[in-house]
2 protein chains.
Amino acid sequence: MKNTRSAKKKRVVRRVRAKAKAPRPIEVLVKRLNEIAYLSSAGVLLGWDQDVHMPEKGADARSVTAAHLASVVHTKLLALDEGGLLARLKRKADRGELRGKGATIVQETWRTWQRQKKLPSAFVAQRAQTESRAHRVWLEARRTSDFKLFLPHLRQIVELKREEARLVGYKDSPYDALLDTYEPGFTTAAATVILNELKDFLIPFLKELKSSKVKVDPKRTLGHFPLSEQRVFNEMIAKKMGFDFAAGRLDEAVHPSTITLHHSDVRITTRYREGDLLYSLGSTIHETGHALYEQSLPSEHFGTPLGEAVSFGVHESQSRLWENNIGKSDAFWRYFYPRLQRVFPRPFKSISRHDLIRTINQVKPSLIRTEADEVTYNLHIILRFEIEREMVEGTIALEDIPAIWRAKMREYLGIEVGSDREGALQDVHWSAGCIGYFPTYALGNIYAAQLSRAMHRAIPDLDLRIAKGDLATPREWLRKHVHIHGKTYEAASLIKRATGEYPTSRAFTDYLSEKYRALYL
Amino acid sequence: MKNTRSAKKKRVVRRVRAKAKAPRPIEVLVKRLNEIAYLSSAGVLLGWDQDVHMPEKGADARSVTAAHLASVVHTKLLALDEGGLLARLKRKADRGELRGKGATIVQETWRTWQRQKKLPSAFVAQRAQTESRAHRVWLEARRTSDFKLFLPHLRQIVELKREEARLVGYKDSPYDALLDTYEPGFTTAAATVILNELKDFLIPFLKELKSSKVKVDPKRTLGHFPLSEQRVFNEMIAKKMGFDFAAGRLDEAVHPSTITLHHSDVRITTRYREGDLLYSLGSTIHETGHALYEQSLPSEHFGTPLGEAVSFGVHESQSRLWENNIGKSDAFWRYFYPRLQRVFPRPFKSISRHDLIRTINQVKPSLIRTEADEVTYNLHIILRFEIEREMVEGTIALEDIPAIWRAKMREYLGIEVGSDREGALQDVHWSAGCIGYFPTYALGNIYAAQLSRAMHRAIPDLDLRIAKGDLATPREWLRKHVHIHGKTYEAASLIKRATGEYPTSRAFTDYLSEKYRALYL
């Protein structure tokens with residue numbers, strides 16, 4: 001090309017125009033985040049299908065596909081900073097030149113990216129493949145109650161988690177690095193304090209409740225409930241809670257869960273027992289609580305931190321608030337019990353609402369966490385937390401876990417574990433590599449109690465409304481105070497803004513005291 | 001590091017060892033192909049889920065996810081040659097320095113790669129997104145029989161297909177470039193010759209059959225067949241044919257299909273009508289024929305051409321051979337009819353096997369291709385081929401398609417099209433961007449007749465075996481002569497090896513003449 005003055009001028013003009021048309025750096029970042037989110041949702045579908053539909057022999061290929069896709073996503077995550085984009089935006093946000101939503105996106109993305117940057121692609125692929133295989137073996141080990149079958153896979157997972165902590169870095173305990181994935185800023189030390197506080201309240205309170213003279217016979221609520229009718233009833237409750245079935249599904253799987261491909265495609269799984277209607281209801285209400293959060297996150301921010309839940313603890317607060325604070329309340333059943341009695345007259349016509357309420361709020365130490373009542377539930381969490389912390393810190397031998405599990409169940413809940421399928425094999429988490437996740441369940445209960453109290457103070461006739469079947473009022477309150485903000489605030493700030501108080505276990509222990517003393521003491 | 005002689009020596013040794021351990025170029029290529037195949041299978045799952053499970057509002061996000069994934073796969077496909085690997089292997093194969101399986105892998109990969117290399121990533125992403133949206137609109141347009149609703153989407157697809165042909169390159173017609181995707185080496189000119197030959201046989205033969213005095217009343221086979229029982233019966237037949245349910249599924253969708261995530265995860269969809277048992281059976285047998293091919297491809301070669309079907313025509317030969325040559329034969333029903341009569345005594349107890357055979361082989365011009373009998377079926381194909389060739393060559397206006405469709409249906413089959421859902425909107429193909437696909441259906445029928453004749457000559461008592469419920473014999477013959485070879489041979493060579501003859505329509509027209517003259521003339 002001839003380098004004439006005219007050509008030079010043209011090039012300058014072109015450059016200026018290109019600059020004027022070029023997307024702003026924050027837009028480029030959002031575009032990159034979007035691509036990652038959409039690709040990740042293909043991975044979410046792989047996982048959902050594995051639980052719900054995949055034929056048995058497809059498992060090996062599935063784990064390879066999941067690993068390859070995870071590796072692609074990981075590579076794209078690392079490339080977020082391509083051209084120094086993210087670092088430049090981070091400096092701008094730190095200097096206050098980028099504010100508001102843009103700053104939130106940048107700061108949160110920076111945090112995640114920093115963490116991921118430290119994990120080599122090969123490590124991420126290996127982790128995905130190991131977890132996918134371990135999950136399959138766990139299903140079989142759980143079925144046959146064979147901890148030894150699962151042990152080598154657990155060992156691989158724990159090794160990978162320790163390696164992950166080492167790569168990510170931590171101050172006090174490698175467990176800190178794992179916790180941080182689920183509840184940003186939360187530490188092993190803080191978890192130990194809160195869970196010990198809870199333990200100090202719960203063990204004597206449980207003993208007190210055990211002395212109750214009130215007798216409950218949950219067998220009275222058993223019967224024969226055809227699965228097709230149970231499905232319809234569960235769907236009706238989810239719908240009434242506000243779950244949008246045009247933007248989601250309700251299916252069956254071994255472990256109830258909620259997964260999100262997009263805010264417009266949120267999938268719940270629950271589980272049924274033909275003889276026990278109440279078994280499915282709790283899970284369905286719980287998962288619908290999660291799903292409402294996902295469906296209400298601002299869709300226009302999908303893929304960015306503004307379109308994501310604050311933390312696992314806050315997520316769990318939504319499911320637990322619906323499952324327990326609302327779903328096990330008298331107000332809720334004032335509306336739903338007559339409807340349930342119409343569909344399932346036997347045995348419910350002969351059981352009063354008051355008796356039903358006592359039954360669903362029965363406090364009874366049990367083996368399975370997901371079936372535990374509100375009082376004993378956190379003791380299950382404490383047990384898992386204590387074991388997995390030591391697992392990761394390397395202070396116990398993995399083959400001893402079933403024995404340790406048995407000893408702690410005896411000490412905290414006073415019950416004996418029969419087989420490992422009712423013990424160390426009962427939960428999906430470890431097989432899925434989710435170590436550090438359990439403490440967020442306790443936080444969920446704590447936040448839920450605070451949010452429920454604040455909501456009742458703000459809407460004095462809330463229970464009356466719920467008793468009339470108006471579940472839109474609590475849903476909209478939660479939407480306004482929690483859902484629509486995405487990750488704009490950290491968990492502690494969000495709870496403070498919504499309830500006037502920073503996270504404290506007081507609301508929860510007050511709630512337990514008041515409710516269970518009224519029912520049983 | 002100090003550069004002493006000893007250190008140098010160590011480095012040299014290390015280099016030699018590294019070289020000794022380095023994977024061979026063909027192994028690197030296979031590894032790359034594997035990654036592509038596993039990632040593609042995530043895309044296959046996205047499509048299957050869209051048809052079978054996806055909630056309505058999830059469609060937009062799904063099309064974006066599909067587009068992003070397609071773009072990732074496309075990028076990896078282009079990168080197959082990274083470092084000149086593929087070109088180097090191609091030269092080796094051409095010079096005969098690489099032979100056997102390795103050569104097949106390289107030559108076939110080269111062919112696909114050459115084609116893909118010509119399509120920019122942005123084009124591939126746009127195509128995937130357009131097709132995903134069009135598919136959704138088509139479902140709605142078909143439901144409401146509203147061609148105009150679908151028209152703008154069809155226009156986009158045709159434009160993209162013309163662009164694709166332009167990018168890929170072609171000699172005579174842009175349609176050549178599209179055909180080549182489905183039946184490598186096949187041309188528009190060849191398709192025109194074969195389909196005109198068939199048309200010349202079929203139109204007079206159909207007239208002859210219309211003069212038959214034999215009366216068939218298909219309404220006699222209607223009744224009430226609960227879907228749950230139909231599902232069980234369909235599964236039983238698929239199982240008997242050899243479909244491995246531990247490595248696959250059978251579900252329901254608008255359009256029956258077979259998709260493969262991996263040879264260990266092959267999924268069939270079929271469709272049911274409560275009043276018409278025979279409606280589902282044909283589809284299920286057809287799709288199971290496809291699925292047996294997929295499940296029998298050599299698993300150790302997954303991802304490479306050796307683990308892939310030869311062509312769409314050969315694939316269709318497997319489904320049609322099972323659906324028609326076997327599934328509509330007297331031998332087949334000698335075994336299955338008593339079983340069907342036991343499960344569905346009404347109305348089948350009062351219908352003789354001979355009458356059933358006549359009913360399922362009734363020749364009657366009809367509106368819906370997938371319900372057409374063996375004689376009229378290819379006239380449907382000819383109609384679509386003629387329209388889509390002109391669509392792509394730009395010699396018809398797309399808004400005229402419903403009218404052209406009506407005119408051709410009148411001319412070839414002598415029937416009137418009522419609404420477009422029974423006309424131009426009936427098939428999924430165009431909405432999925434599968435233009436150039438239809439002619440392979442006719443080839444499938446031709447190959448099937450050749451294979452069936454060869455199999456009967458090789459196994460003289462084949463019909464006796466089938467009549468005893470032994471479907472393993474034909475399945476194993478097909479496995480040996482077709483399935484296990486993957487893409488080792490091109491369609492024409494494979495048919496020659498298996499049957500002794502290159503592809504010819506003679507076996508098919510002989511088969512039709514013989515079978516239908518015996519039944520009706």
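Residues are numbered from 1 along each chain as its sequence is written, and chains are lettered from A, with ligands numbered from 1, in the order in which they are written. Because the model is predicted, local features need pLDDT of at least 70 and side-chain atom pairs count only at pLDDT 80 or more, while totals for chains, interfaces and linings use all residues; side-chain values use heavy atoms, with hydrogens and water left out.

Chain A and chain B touch through 34 residues of chain A and 34 residues of chain B, where contact means heavy atoms within 4.5 Å. Between them the two chains bury about 2700 Å², with 65% of it on carbon and sulfur atoms; buried area is the accessible area (1.4 Å probe) that two parts lose on being put together, summed over both.

Six salt bridges cross this interface, a salt bridge being a side-chain nitrogen of Lys or Arg within 4 Å of a carboxyl oxygen of Asp or Glu. Asp244(A) pairs with Lys57(B) in a salt bridge whose closest N and O atoms are 2.4 Å apart. The interface of chain A and chain B also has 21 residue pairs in polar contact, both residues at pLDDT 80 or more. A polar contact is a pair of N or O atoms within 3.5 Å; within protein, one must be able to donate a hydrogen and the other to accept it, and residues adjacent in sequence count only if both atoms are side-chain atoms.

On the side of chain A that touches chain B, at least two residues each come from α2 (25-52), α3 (59-78), β1 (248-252), β2 (257-262) and β3 (265-270) of chain A. Helices (H or I, at least four residues) and strands (E, at least two) are DSSP runs, numbered from the N terminus. The most is given by α2(A), with nine residues. By class, this side of chain A has 16 nonpolar, eight polar and ten charged residues. Here Ala, Val, Leu, Ile, Met, Phe, Trp, Tyr, Cys and Pro count as nonpolar, Asp, Glu, Lys and Arg as charged, and the others, Gly among them, as polar.

Chain A is superposed on chain B by a rotation of 180° with 0.1 Å of shift along its axis, at an RMSD of 0.1 Å. The two copies are thus related as by a two-fold rotation axis. Copies are superposed by least squares on the C-alpha atoms of residues with pLDDT of at least 70 in both. Of the residues of chain A, Ala42(A) comes closest to the rotation axis, its C-alpha lying at 3.3 Å. The copies meet through the same surface, because 100% of the interface residues of chain A are also interface residues in chain B.

Over all chains the structure holds 84 salt bridges. One of them joins the side chains of Glu501(A) and Arg453(A) at 3.4 Å, N to O. This pair links distant parts of the chain, 48 residues apart: Glu501(A) is in the loop between α21 (491-499) and α22 (506-520), and Arg453(A) is in helix α18 (residues 439-458).

In chain B, Arg32(B) belongs to helix α2 (residues 25-52). The side chain of Arg32(B) reaches the backbone oxygen of Glu82(B) at 3.2 Å.

Two backbone features remain. Ser145(A) has a positive phi of about 55° although it is not a glycine. The peptide bond between Arg346(A) and Pro347(A) is cis, with omega about 5°.
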